[in-house]
Amino acid sequence: MARSGATAHVDPVTGSLVYPLGSTVDAEGHVIVGGCDLVDVAREFGTPAYVYAPDDVRARARSYADALAARGVDSEVLYASKAAPITALYKVLREEGLSVDVASGGELHMALAAGFDPARIYMHGNNKSAAELKMAFDAGIGCIVVDSLEEISRADWLADRHQEVLIRLTPGVSPSTHSYVQTGQIDSKFGFAIEGGQADQAIAAIAASRHLELAGFHAHLGSQIYELDSYVRAIELMAEFCRPHSPRIMNVGGGLGIAYSRTDRPPSIEAYVDLKVDALERCFDPLPKVLLEPGRSLVGNAGVTIYTVGAVKEIPGVRTYVAVDGGMSDNLRPMLYGSEYEALIANRAAEEATVLSTVAGKHCESGDILVRDVALADPRPGDLLVTPATGAYGYAMANNYNGVPRPPVVFCGDGRATLAVRRETYGDLVSRDV
Ligand SMILES: Cc1ncc(COP(=O)(O)O)c(C=O)c1O
């Protein structure tokens, strides 16, 4: 129920591209995700908490699969699990028939724990350790995406059997996104530049190896990309280089951007798939197996974070700080990239948002600001605040700054809320002490 003095208005959640599919505001003005009232979820699991709607993840995974099926191409969709390395999410995406990209021994461990067929695991990383490579060989993973000449010789030395590899290329294309998440440019710590002969050296090293076989090539231009044309250019440049080697596999990465604010209009999954497949079909005959590697666009909008407001500090003529019980320990992206988020008072979501606010975290840094200049409905201590679109690279980058335990992960679907990862305890914070 809207409180007295408040003006009811169109709710900002229903039909929003930012919130998980099917999210809405109920008659009491509470935000509903996956059929669950976030006020009840907060009461049961505490705050802050990451809340995911697995049905949203499944729908996006099916969009990828359907778009590729419609093109009738031999293909695989890999979940780029760095976006949200949560065992329960690996399971959801395995059930949806996806393969998986892991970028460390830890992600490999979780993918195996979630029951992925090792043959469907692809391992990335610009500095895989000998232990990580050994772990990959022992598990019998499908493919290693090699990233340096040292890694090629290290992998060949460690391998005790035949191993397929992809070469990670940097085609020299920089899409417009934050420089920290651009990865396809020549000046990159990732992969082998086509220009300058490094990629040729990688091919020669693999050809001279005892155990490694070149199955194909990989490139990933970066993340949160709306400008699809950059993929066309990258695929053309890759194809020119790769064609003479008749690759069996072309992995053209992930990177599709998502909506963080209600005015954002990212390209659809279908448009993204069509554009990449079109470009590959123009460049190759016969067409190699097409691999796509999405992370953010599978899980980003499926997750929200709920917080409790603890203090509201109005500095006259300056700004109003709304302090919540989390911050840069659960969502580093605003501090790392200046990323922008929306926010809403989740227990009074139908009320008009009239107070220009700055949502601050609880950490000992002035830069610990989750959302700048967002209109909130008269925020008060005890209110529940929700930030949508935190499903990707939120939990993944969570940390214990200021000794703050990491939040739990709660799955909401069909009106049932279940715990996927429990909240860290103070005991966990000292559990590794010796
Ligand atoms: C190699 C690789 N593949 C896929 C991804 C997933 O990107 P996104 O989450 O933007 O889809 C990343 C993330 O940066 C990456 O480094």
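**Domains and helix packing**

The chain splits into domain 1 (24-54 + 301-430) and domain 2 (55-299), with bounds that come from an automatic or database domain assignment. This is a predicted model, where local features need pLDDT of at least 70, side-chain atom pairs count only at pLDDT 80 or more, and totals for chains, interfaces and linings use all residues. Residues are numbered from 1 along each chain as its sequence is written.

User: Which element gives the most to the side of domain 1 that touches domain 2?

Analyst: Contact here is taken as C-beta atoms, placed from the backbone, within 7 Å. On that basis 23 residues of domain 1 are in contact with 21 residues of domain 2. Helix H11 (333-337), strand E20 (409-413) and strand E21 (416-421) each give two or more residues to that side of domain 1; helices (H or I, at least four residues) and strands (E, at least two) are DSSP runs numbered from the N terminus. With three residues, the element giving the most is E20.

User: And how many charged residues are on that side of domain 1?

Analyst: Ala, Val, Leu, Ile, Met, Phe, Trp, Tyr, Cys and Pro count as nonpolar, Asp, Glu, Lys and Arg as charged, and the others, Gly among them, as polar. The side of domain 1 that touches domain 2 has 15 nonpolar and six polar residues, and the charged ones number two.

User: Is H5 parallel or oblique to H6?

Analyst: Helix H5 (residues 130-139) and helix H6 (residues 149-158) have axes 10 Å apart and pack at an angle of about 50°. Axes are lines fitted to C-alpha atoms, for helices over the stretch in contact, and angles run from 0 to 180 degrees between N-to-C directions. Angles under 35 degrees count as roughly parallel, over 145 as roughly antiparallel, 65 to 115 as roughly perpendicular and the rest as oblique. So H5 is, relative to H6, oblique.

User: Which residues of H6 make the contact with H5?

Analyst: From H5, the contact takes Ala130, Leu133, Lys134 and Phe137. Sorted by class, the residues of the contact of H5 with H6 are five nonpolar, no polar and two charged. On the H6 side, the residues are Arg154, Ala155 and Leu158.

User: What about H6 against H7: roughly parallel or roughly perpendicular?

Analyst: H6 and helix H7 (residues 198-207) also have a packing contact, with an angle of about 10° and axes 10 Å apart. Leu149, Ile152 and Ser153 of H6 meet Gln201, Ala202, Ala205 and Ile206 of H7. Given that angle, H6 and H7 are roughly parallel.

User: Is isoleucine 206 buried or partly exposed?

Analyst: Isoleucine 206 sits in helix H7. Leaving aside its neighbours within four places in sequence, isoleucine 206 is in contact with Ile152, Val165, Leu212 and Leu214. A residue is buried if 20 or more other C-beta atoms, placed from the backbone, lie within 10 Å of its own, exposed if 12 or fewer, and partly exposed in between. Isoleucine 206 has 19 such atoms within 10 Å, so the label is partly exposed.

User: Where is tyrosine 393, and is it buried or exposed?

Analyst: Tyrosine 393 is in the loop between E19 and E20. Its phi is near 60°, a positive value in a residue other than glycine. Because tyrosine 393 has 24 C-beta neighbours inside 10 Å, it counts as buried.

Note on methods. Two residues are in contact if their C-beta atoms, placed from the backbone, lie within 7 Å.
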